[in-house]
Amino acid sequence: MKPFKKIHVVVMDSVGIGEAPDAANFGDEGSDTLGHIAEKMNGLTMPNMESLGLSNIRELKGIAKAEQPKAFYGMMQEASVGKDTMTGHWEIMGLNIDKPFKVYPEGFPQELIQQLEEKIGRKVIGNKPASGTAIIDELGKEHMETGAIIVYTSADPVLQIAAHEEIVPLDELYKICEIARELTLDPEFLVGRVIARPFIGTPGNFTRTSNRHDYALKPFGRTTMNELKDAGLDVIAIGKISDIFNGEGVTDAVRTKNNDDGMDKFAEVVKRDFHGISFLNLVDFDANFGHRRDPIGYGEALEEFDRRLPEVLTALNEDDLLIITADHGNDPTFPGTDHTREFVPLIVYSPRFEQGTELPLRKTFADIAATIAENFNVAAPQFGTSFLSNLK
């Protein structure tokens, strides 16, 4: 088969498709992000994903099985021990994470907070799991009066630092985050990302700005992105992909503001003349609806993604391969605010396909990396099995 010139990987952040076999180990028995959203919506309307074969993976209310699916379809099972964003994305690009990042459901240890306060010369307030918008509403006034920074976490292995741009200038906030990043490299405290969360406004009317910045760990090994870049191929990271990989293996980083902007930027990238991969993360599903346990908002976001899909599909040609998947689940009907351990969907489409069929269950997300590596004739990842030969 003639290799594809461009492979586009779209991660619908947190769009799981039913509990994984090891869901009980994570307290996630019965989780089913897509299935439960479809029920709450009294049926999802996603005609474009329907035509690609989404309901052929497993039936979803409102989405019919395609008699002649345009795409190859199936499910992937996560092999790594985590269920967070970094673990899922790193595995998609060929790694297997056997030691989970640390999460802090009770807030960070006092020892870490004390070290941070000493190094930055400011006090810390908050230090608990919280919604980013809720905690600045709660503590923003105190922060403005005292200059203390707001530290919080989430179900992800992240340490987030919020500060008003007029109280803590951006340069200082970024420096604070760099210090926090250094402190949390210690295996005792290890978190995946430190995130700067600047905001503006007045009490009762605070707004987060677009000056967010992520300070991630470098991947624990070489990924297929590194292999592509070293071979002189393009790796275009769209959305938070570059942050997730700490810039490793990225040749061009395209920032986005939200899902809608992400689809705008993605449609532009698809039309570019390049040789390699584009890699898009659509974060709103997870951040705005999964963690906030909003199944209706989540369903509407899924339907909006589907409405935008033709802009991409019509821009593809026979040299393009589109892979749509997810990095974990986040069932908005489930207790708590954590991600859920689920299978993720796998949709693989090219205009050169006459018709798709079912792909065998993938036992690791790294099968995507292996497929990309085989297509571009670069070193295969240590984990993963290519499905390129199945695309006939």
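Averaged over the chain, the pLDDT of this predicted model is 96, and 100% of the residues score at least 70. Strand 8, covering residues 213-216, has the lowest confidence, with a mean of 88. At the other end of the scale stands strand 12, residues 320-325, where confidence is highest, at 99.

How is the chain divided into domains? The domain assignment gives two entries: domain 1 is made of residues 6-99 together with 220-390, while domain 2 takes in residues 110-216. Between the C-alpha centres of domain 1 and domain 2 there is a distance of 30 Å.

The next step is to look at where the two domains meet. On one side, 14 residues of domain 1 take part, and they are in contact with eleven residues of domain 2. The size of an interface is often given as the accessible area lost when the parts come together. For domain 1 and domain 2, the area buried between them is about 980 Å², with 52% of it on carbon and sulfur atoms. Which residues of domain 1 lose the most area to domain 2? They are Met 86, Asp 243 and Arg 292, which together account for 43% of what the domain 1 side buries.

What kinds of interaction cross this interface? Zero salt bridges are counted between domain 1 and domain 2, and one residue pair is found in polar contact across their interface. On the side of domain 1 that touches domain 2, the elements giving two or more residues are helix 4 (85-92) and helix 9 (241-244). Sorted by class, this side of domain 1 holds seven charged, five polar and two nonpolar residues.

Salt bridges do occur elsewhere, and the whole structure contains 26 of them. One example joins the side chains of Lys 2 and Asp 319, with an N to O distance of 3.3 Å. This pair links distant parts of the chain, 317 residues apart. Lys 2 sits in the segment before strand 1 (6-12), whereas Asp 319 belongs to the loop between helix 12 (295-313) and strand 12.

Terms used:
Residues are numbered from 1 along each chain as its sequence is written. This is a predicted model: local features need pLDDT of at least 70, side-chain atom pairs count only at pLDDT 80 or more; totals for chains, interfaces and linings use all residues. Side-chain values use heavy atoms; hydrogens and water are left out. Domain bounds come from an automatic or database domain assignment. Contact means heavy atoms within 4.5 Å. Buried area is the accessible area (1.4 Å probe) that two parts lose on being put together, summed over both. A salt bridge is a side-chain nitrogen of Lys or Arg within 4 Å of a carboxyl oxygen of Asp or Glu. A polar contact is a pair of N or O atoms within 3.5 Å; within protein, one must be able to donate a hydrogen and the other to accept it, and residues adjacent in sequence count only if both atoms are side-chain atoms. Helices (H or I, at least four residues) and strands (E, at least two) are DSSP runs, numbered from the N terminus. Ala, Val, Leu, Ile, Met, Phe, Trp, Tyr, Cys and Pro count as nonpolar, Asp, Glu, Lys and Arg as charged, and the others, Gly among them, as polar. pLDDT is the predictor's confidence in each residue, from 0 to 100.
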